[in-house]
Amino acid sequence: MAKLQAGNGVQWKDSKSQRGTVENLAEYESSSLGSDSELNGVANTEIQTDKYGFIGGAQQSKGENEDVPPDVLRQREAKWLDMLNSWDKWMAKKHKKVKLRCQKGIPPSLRGRAWLYLSGGKVKKEQNLGKFQELDGQPGDPKWLDVIDKDLHRQFPFHEMFVARGGHGQQDLFRVLKAYTLYRPEEGYCQAQAPIAAVLLMHMPAEDAFWGLVQICEKYLPGYYSAGLEAIQLDGEILFALLKRASPVAHRHLKKYKIDPILYMTEWFMCAFSRTLPWSSVLRVWDMFFCEGVKIIFRVGLVLLKCMLGSQEKLKACQGQYETMELLRSIKPQYMQEAFLVEEVIELAVSERDIEKEHLSQLRRWKETHGELHCKSPPRMHGAKAIMAAEPPSRQDLKQNPTIIVEVPQTTESKKTTKKTKPEKKKDTSPPLNPYPLSNNPPLPSDNLSPSESQHLQKDTPLQGSNQSLSSAEHDTYL
C-alpha cells in the first residue's frame, strides 16, 4: 500500500513497510475511531478537519487556495440549477457554455448531481430502476468479496468518511464495488476501481455512485480495469507519443533511459489522479474530465511530465532511470497547485482527434508485436456530449425528483382574493428539486406521541401538509 507523505502524496515503499503502515492504521482505527459517531465526537475537539473532510495526510487542504467569493458561488449555483433543469437543451445547443462552466469549477453543493448528469449516470439509473437494489441484495462472488474487503481501509484513510473501519463510508464502498462485480462478472474487481468509487461516494449516495462507476468503466475509461490491463498499456504509449510534441526534451530523456510509460502513468490514469494531486486540484480535474472525457487525463499527465522534465536545467538532478522515477514520484507542489494546473491543462492543445489518431497508430504497433487484443472493450466516449449523442435520453430520464414536497395551505382570505382577481401566470419560486428521493417514507415525529401531543404538533408545525417529515431533510446530506 502507498504510504502518504508530503509533496506528491504517494511514495512507494517495500512490502514490509507497506504492511506496517496498514497494520498501524488498523490498530489506530480500532482503538480510537471505532465508529462514525465516535469520530464525529472527536472531530470537534481533537481532530482538525478541512473543508473536504480530510483529517490529515498529504491531501489535506492547508488553505493555500483562495475560496470563491460567496456571491459568485451563489450566482454559479443558480446557473447550474438552471442548466440541470433543462439539461438536454443545454447539451444540444449550449455545450460550449457547459464546458466553460465545468472549467471554472462546479459549485460544491451541486458537484455530485452535475457529475451524474455529465456522465450519463442519471439516465442509466432511470433506465435501470431497481437494478442496484437487486445487485445489492445478492451475496456476491466470495473470491471478489474477500479482495474488496481487504482494500476498504486503504481508500483515503485520512478522510473522515472512510477512516472508521466498518463505518458508513466503508460499508457503502463495499456495496458499490460488490454490485459492480455482479453487474460485470466477466470483469470482476480491479483495485484501482476502489478510489474511483470512493471519490464518487464523497459526493453522492451509493446507488448514484454505482452508476457513476459504471459510466467511468464503460464509457470514459473502457478496458482499464479488465484482466491484462491492455487498455492502460496502450494509453501509456499514446501518452508517450503525445509527449514528443508537448515536450521534446522530456520525451528524449525518458526514451534515453528506457523508462516505460507504464512505470509512471498507471496510477495516474487508472485512479484519474485522485491519489496524486491535492484535493482541490482533483475536484477541478474531475469536473473537466466528466465534461470533456479522457483527454483531460492525458493533458494533466503531459503537463506534469513537461513541468518536471521539460528543460535541461531540470534534468541535471536526474541522470538515470532511478533518479527520474524518484522525481516523478514526488512532483513539486507548485506544479499541482489548482490554479496553475487547471490553466495549463486548458491551454494545452491536445484534442480527441489527436488521441484517436494516435490510438489507431499504437493499435497497429500492438498487433505487430503482441497480436490481437485479448480484451475487446467498447469504444471510448470523449465526454458528456458524446455519451448523450450515443444514448439519447428522454425528458423523463432527466427529470429531477424531489425528496421533500411542502404544500402551503391557502387561508380563507387568500381564497376570496383569488376569486375576485383575474388568474395570473404564477412565477415558479419553488426551491430546487432534490434528485435523491428516499426509498421509503420515514415515520412522522408524531407517530410516537399521544393524540393530544400529536394534535398540538400539527398545529404548530408548518410542515403538516408535507408528504414527508422533516427527518427526510436530516437524512439527505448530499445537497
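Let me begin with a term: a residue counts as buried when its relative accessible area is under 20%, as exposed when that is over 50%, and as partly exposed in between, using a 1.4 Å probe and protein chains only. What we are looking at is a predicted model, in which local features need pLDDT of at least 70 and side-chain atom pairs count only at pLDDT 80 or more, while totals for chains, interfaces and linings use all residues. Residues are numbered from 1 along each chain as its sequence is written, and side-chain values use heavy atoms, with hydrogens and water left out.

I will start with helix 19, residues 321-329, where the buried residues are T324, M325 and L328; helices here are DSSP runs of H or I, at least four residues, numbered from the N terminus. Seen down the axis of helix 19, these buried residues fall within an arc of 95°, taken from the directions from the axis to the C-beta atoms, so they line one face of the helix. They pack against helix 14 (248-256), helix 15 (262-270) and helix 17 (295-309), contact meaning heavy atoms within 4.5 Å.

Leaving aside residues up to four places away in sequence, L200 touches W115, A209, G212, L213, I216, W286 and F290.

Definitions and conventions:
Helix = DSSP H or I, 4+ residues; strand = E, 2+ residues; numbered from the N terminus.
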